[in-house]
Amino acid sequence: MSNLGFQFIVPELVLTGFAIMVLILGMFSNNRKLIELMSVLGIVLSLFVLTYAPTGGGFLFSGMILDHGLSVFFRALSLVIGGLIILLSMDYKDLDTDEKGEYCFFILVVTLFMMIACSSTNLMM
């Protein structure tokens, strides 16, 4: 198996790592700004990795994922939307400090699943 398949999903792996870090940080810290900063940093770093990821075209992972320019565009759009949601909810007062880690984790995971759905060939994978 070539390494192109794993190079294609590096942005998703980066986002997954930051989502886990945000969840753990949310359990042990009540610092809202640090949790939000880690979430935004994960999205920005994943977007940076996505822009420099190789796009070879074709099917990956036994035909489950299609690598083409349109999927890269919609994956980037998903990251931008996820980042905007976190940025717009930074000063939301009804969201308690205890729930901020879970909220940011949820947004990161939903963004991750949107990215996977954008490049999948079959939504039933």
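Modeller: A residue is buried when its relative accessible area is under 20%, exposed when that area is over 50%, and partly exposed in between, with a 1.4 Å probe and protein chains only. The model discussed here is predicted, so local features need pLDDT of at least 70 and side-chain atom pairs count only at pLDDT 80 or more, whereas totals for chains, interfaces and linings use all residues. Residues are numbered from 1 along each chain as its sequence is written, and side-chain values use heavy atoms, with hydrogens and water left out.

Biologist: Why is Ser 39 called buried?

Modeller: The relative accessible area of Ser 39 is 0%, which is under 20%, and therefore Ser 39 is buried.

Biologist: Which residues is Ser 39 in contact with, leaving aside its neighbours within four places in sequence?

Modeller: Contact means heavy atoms within 4.5 Å, and on that basis Ser 39 is in contact with Val 22, Ile 86, Cys 104 and Leu 108. The side chain of Ser 39 also has a polar atom 2.9 Å from the backbone oxygen of Ile 35.

Biologist: What makes α3 a helix, and how do you know that its span agrees with its 21 residues?

Modeller: A helix is a DSSP run of H or I with at least four residues, numbered from the N terminus, and α3 covers residues 32–52. The expected span is 1.5 Å times one less than the number of residues; for the 21 residues of α3 this should be 30 Å, and because the end C-alpha atoms are 31 Å apart, the two agree.

Biologist: How do you know where the buried residues of α4 lie around its axis?

Modeller: In α4, Ser 71, Val 72, Arg 75, Ser 78, Leu 79, Gly 82, Gly 83 and Ile 86 are buried. Seen down the axis of α4, these buried residues fall within an arc of 130°, so they line one face of the helix, the arc being that of the directions from the helix axis to the C-beta atoms. On the other side of α4, Gly 69, Leu 70 and Leu 88 are exposed.

Note on methods: Helices (H or I, at least four residues) and strands (E, at least two) are DSSP runs, numbered from the N terminus. A polar contact is a pair of N or O atoms within 3.5 Å; within protein, one must be able to donate a hydrogen and the other to accept it, and residues adjacent in sequence count only if both atoms are side-chain atoms.
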